[in-house]
Amino acid sequence: MGDVFLQDLWFHQAEGVVIEKAVVEGELVLVRARASAEQAACHACGTSSGRVHSRYVRRLADTAVAGRPVVIELQVRRFRCRDRACRQATFAEQVDGLTFRHGRRSTGLQTVLQRVAVMLAGRAGARLADTLAVRASRSTLLRLIRRLPEPEVHTPRVLGVDEFALRKGHNYGTILVDIDTRRPVDLLPDRTTATVSAWLADHPGVEVICRDRSTAYAEAGRLGAPDAVHVADRWHIWKNLVEAVEKTVIQHRALLRETEETSRVGAAAPGKTPELAPRPSGEPRRSGRLSDRVREQHSAVHALLDDGLGMRPIARRLGLARNTVRRLARAATADELLVGKWTGRSSILDPYKPYLHQRWAEGCTVARRLFEELRERGYPGGESVVKRYVHQLREAFPHDDPPRKHPSVRDVTSWITRRPDRLDDDQGQRLKTILARCPELDRTAEHVRSFAELMNNRHGQQLDQWIERVQADDLPALHAFVTGLGQDLDAVVAGLSLPYSSGAVEGHNNKIKMLKRQMFGRANFDLLRKRVLLAA
């Protein structure tokens with residue numbers, strides 16, 4: 001019964017293997033087995049033979065059991081080839097599902113490591129293999145990828161074309177994606193017209209090409225697939241429009257700053273300025289770290305004195321100096337120790353506190369800014385004094401919200417180019433205020449909304465009217481955007497009319513970045529290409 005269970009456990013995918021023994025030697029599980037098939041086929045000519053030449057033992061690493069490495073000691077035979085014309089006089093038998101030629105691992109373990117290599121590659125894959133109780137270096141995993149068969153390349157009906165960085169700013173390649181299935185088709189080592197057009201010519205059948213507005217890819221499509229319909233990718237079109245809007249916002253950045261009244265959040269009511277009540281002269285401190293520490297030490301010293309301990313034992317037990325213990329013992333109450341020559345003394349900041357209270361009520365809570373304003377008014381002290389007093393104000397009169405920053409160029413650009421229903425009430429109100437102050441940005445926002453409706457509703461045939469309205473307006477950045485559209489107008493109209501878009505290509509670009517980082521610079525282009533296609 002046990003032999004049947006072990007047979008099914010280890011060799012359920014292999015036939016012609018008999019287990020003789022399974023033992024545990026330290027941290028290693030050792031399985032002894034032998035091949036039992038009557039005949040084997042020659043790997044060179046395929047002729048079956050049952051003439052045994054010799055026997056030997058193969059040691060195969062297998063997947064771990066309960067965290068322990070497994071080694072299979074498999075006794076196999078060498079057979080004499082019956083075909084006299086075969087170049088192999090003898091050959092070793094292979095067990096389907098368990099062994100392969102020149103392999104030191106089982107087929108199951110080899111498959112596991114291949115999948116780990118494809119998904120994680122070098123160091124990350126080696127760490128996972130170590131967790132699986134399998135010894136495999138990062139170089140071994142990369143070799144496994146190289147030995148995998150080349151993935152089959154098919155020709156899609158709708159092809160997405162985009163670039164990716166092999167070395168950002170220096171070397172770029174081209175990724176080809178099947179838009180219908182969103183799977184990568186192939187990787188090309190550069191982004192030149194000749195390379196892309198040659199691939200298209202070698203793979204006829206592409207009907208639609210989704211691409212960015214690169215002239216190199218446009219020319220490659222016309223040369224390699226002259227009958228294909230070119231579709232400018234909507235993501236790239238919108239990205240170009242956002243860049244034009246950002247240039248317009250930069251030209252009018254001076255109008256983005258909000259007035260002091262609108263930028264205040266959570267300010268105090270007019271006429272109600274905070275006022276910290278001064279501590280009467282000679283009154284001890286009632287709170288703070290110093291006050292709490294002195295009161296605790298005074299209580300501990302007097303408690304030990306009541307128990308009859310002397311000054312030295314008390315000092316050793318509490319970790320205090322004898323003079324400190326003596327001073328605490330002489331004071332009848334802790335308040336006597338908290339009243340000193342500095343208590344009740346006027347501060348260099350006193351003449352400027354009314355101004356600080358006024359600015360605090362107006363919503364200015366930044367100590368650095370308050371210090372600079374006081375210095376302009378003749379304050380001779382240091383910044384630390386102002387910081388301490390502002391900290392007291394912040395504890396006594398906290399604001400619900402800090403004063404908000406003025407909107408940046410990026411903020412306003414994002415608000416203009418974002419869907420209105422994705423703006424919260426505050427962002428919508430601030431954008432409305434900015435557009436009211438700047439007519440140029442208001443007209444720009446109106447053109448952006450019109451273009452977004454045109455693109456979302458697939459009304460590419462209305463692009464000419466939109467272009468005419470923009471050209472009639474005095475917005476130089478949008479004029480440049482329109483000029484760029486005119487250089488590839490047919491593809492842009494198709495991109496705004498047809499449902500195809502190469503958004504899937506951008507996702508694969510991010511995946512390529514991850515795969516490159518995993519290989520730590522040890523990868524060449526062929527290895528990267530194989531990983532991208534196999535991991536899809």
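Reply:
**D186 and its contacts**

D186 touches V153, T174, I175, L176, W199, R529 and L533. Contact means heavy atoms within 4.5 Å, and residues up to four places away in sequence are not counted. This is a predicted model, where local features need pLDDT of at least 70 and side-chain atom pairs pLDDT 80 or more, while totals for chains, interfaces and linings use all residues. Numbering starts from 1 along each chain as its sequence is written, and side-chain values use heavy atoms, without hydrogens and water.

D186 sits in strand β10, residues 183-188; strands are DSSP runs of E, at least two residues, numbered from the N terminus. The residue is buried, with a relative accessible area of 7%. Buried means under 20% (1.4 Å probe, protein chains only).

One of the contacts is I175. The two C-alpha atoms lie 6.2 Å apart, across 11 residues of sequence.

Now the cysteines. The whole structure has zero disulfides, that is, pairs of cysteine sulfur atoms within 2.5 Å. The C81 sulfur has its closest cysteine sulfur in C45, 3.6 Å away, so the gap is too far for a bond. C81 is buried at 11%. C364 is buried too, at 3%.

Terms used
Buried < 20%, exposed > 50% of the residue type's maximum accessible area, 1.4 Å probe, protein only. Helix = DSSP H or I, 4+ residues; strand = E, 2+ residues; numbered from the N terminus.
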